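Work through the exercises below with the sequence and the model at hand. Each task is followed by a stepwise solution.

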Amino acid sequence: RWDEFTWRQLLNGFACAECGRCDRVCPALTSGFSLSPRLIVHHLKEHVFEEGFGHGHNNNGGKDKEPALIGPMISEKDLWACTTCLSCMDRCPVLNEHIPLIVNMRRHLVSQGSIENTLQDVLTKMGRYGNSMGQSDRMRAKWTQGLDFKIKDARKEPVDYLWFVGDYASYDARIQDITRMTAKVFQKAGLNFGILYEGERNSGNDIRRVGEEGLFEILKEKNLQAIKQSKFRIIVTTDPHTYNTLKNEYGLNSASNGNGDPARSGPVQVKHYTELIDELINSGQLKISKKLNYTVTYHDPCYLGRYNGIYSAPRRIIKYLGANLVEMKRNRSKSYCCGAGGGRIWMEDQPGIKERPAENRIREAVSIPGVQALIPPCPKDIVMFQDALKTTGNDGKIAVKDLSELIFEAMD
């Protein structure tokens, strides 16, 4: 109901110019889902007008039960369609905040147990095992067995870089080869790095966007305990979703890394691996032995680009490797979402949608003459785009590669 929102959230409805810019960039609406960011805000305003301004009160001064906002005005399926890609907020001329509204209403649905079975299964796995795959925590570092060197346990010996690997990079068989390549790149560059092994849990970024705030806090606390056991200088991750929540929502400070160094002050640095590789190239620590004469296009992940403003570092790496970068029309802050965010990667598609966001993006990449590979530096993006290659009939026409694969090839 209207009185369960903050005043700032209620103000969205009255500030809205009804221009529709948010709708025009929404990947869910474009794909055929019924979600309209503009109508979410509009219906909230209508609800406040109808129920909040003196209506719904009886003559005895008591308050009648007001009609709910979710159901009569905003459908549950609209709320679950959102990928939390931030496009709507990025384009809004009056700085409205659509996503906090949607996440707030999702929290209400979660508290009522009104979620689809596939998502409920994932939440159960997260609570029981600490990952979305339902795998034992002892299996989290099994991917390291394919390496010819031992990765340090950051909880047991000091390292410069603590690598927070993430669920998909750790467990998904489609990503594990890329994870091993990333480890080899770090090793060849001479980095002193380690991981948390079974101490790592899902970071909780998408769990929070789903609306399960309590589970997010549990995952966060367990990860912070493991981080406090470790001695390191910088946290690095290959997953933009993990990067976003570790950097912006964990409240990491100089005391959190457990190194006891009084000379260090200020927040713990969290870097996406493209930032780190860019720095290693600039310092001369990472060198390549051959140039890659590929023509590639680059995809800006939502949680790396719009959420955190990292656009230049990956592009500088691609050019350093000798590849010819051709941009898609929708790039940087205008990049089109792959459709995985906000927990959508765990949910079923609604019947009757025209085209999934990842399929739309693949068609855009394939339409560029001469492009051999699409580069998305995000494990979830890679999974989504590889599936979309098959469903659009473009398998074999273009490759989906992580930057680590290109870097490893150029260093070999």
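**Exercise 1.** Find which residues of α14 are buried.

Solution. Step 1: take helix α14 as residues 273-283; helices are DSSP runs (H or I, at least four residues), numbered from the N terminus. Step 2: apply the cut-off, where buried means under 20% relative accessible area, exposed over 50%, and partly exposed in between (1.4 Å probe, protein chains only). Step 3: Y273, T274, E275, L276, I277, D278, L280 and I281 are buried. Eight of the 11 residues of α14 are thus buried, and the helix is mostly covered. Step 4: after α14 comes G284, with a positive phi near 85°.

The model is predicted: local features need pLDDT of at least 70, side-chain atom pairs count only at pLDDT 80 or more, and totals for chains, interfaces and linings use all residues. Residues are numbered from 1 along each chain as its sequence is written, and side-chain values use heavy atoms, with hydrogens and water left out.

**Exercise 2.** Identify the residues with the most contacts inside the largest nonpolar core.

Solution. Step 1: a nonpolar core is a set of buried Ala, Val, Leu, Ile, Met, Phe, Trp, Tyr and Cys residues joined through side-chain atoms within 4.5 Å. Step 2: the largest one holds 119 residues, and I235, I277 and L286 have the most contacts inside it. Step 3: another core, of six residues, lies apart from it and includes C22, L86, C88 and M89.

**Exercise 3.** State whether W7 is buried or exposed.

Solution. Step 1: locate W7 in helix α1. Step 2: its relative accessible area is 65%, so W7 is exposed.

Technical notes. Helices (H or I, at least four residues) and strands (E, at least two) are DSSP runs, numbered from the N terminus.
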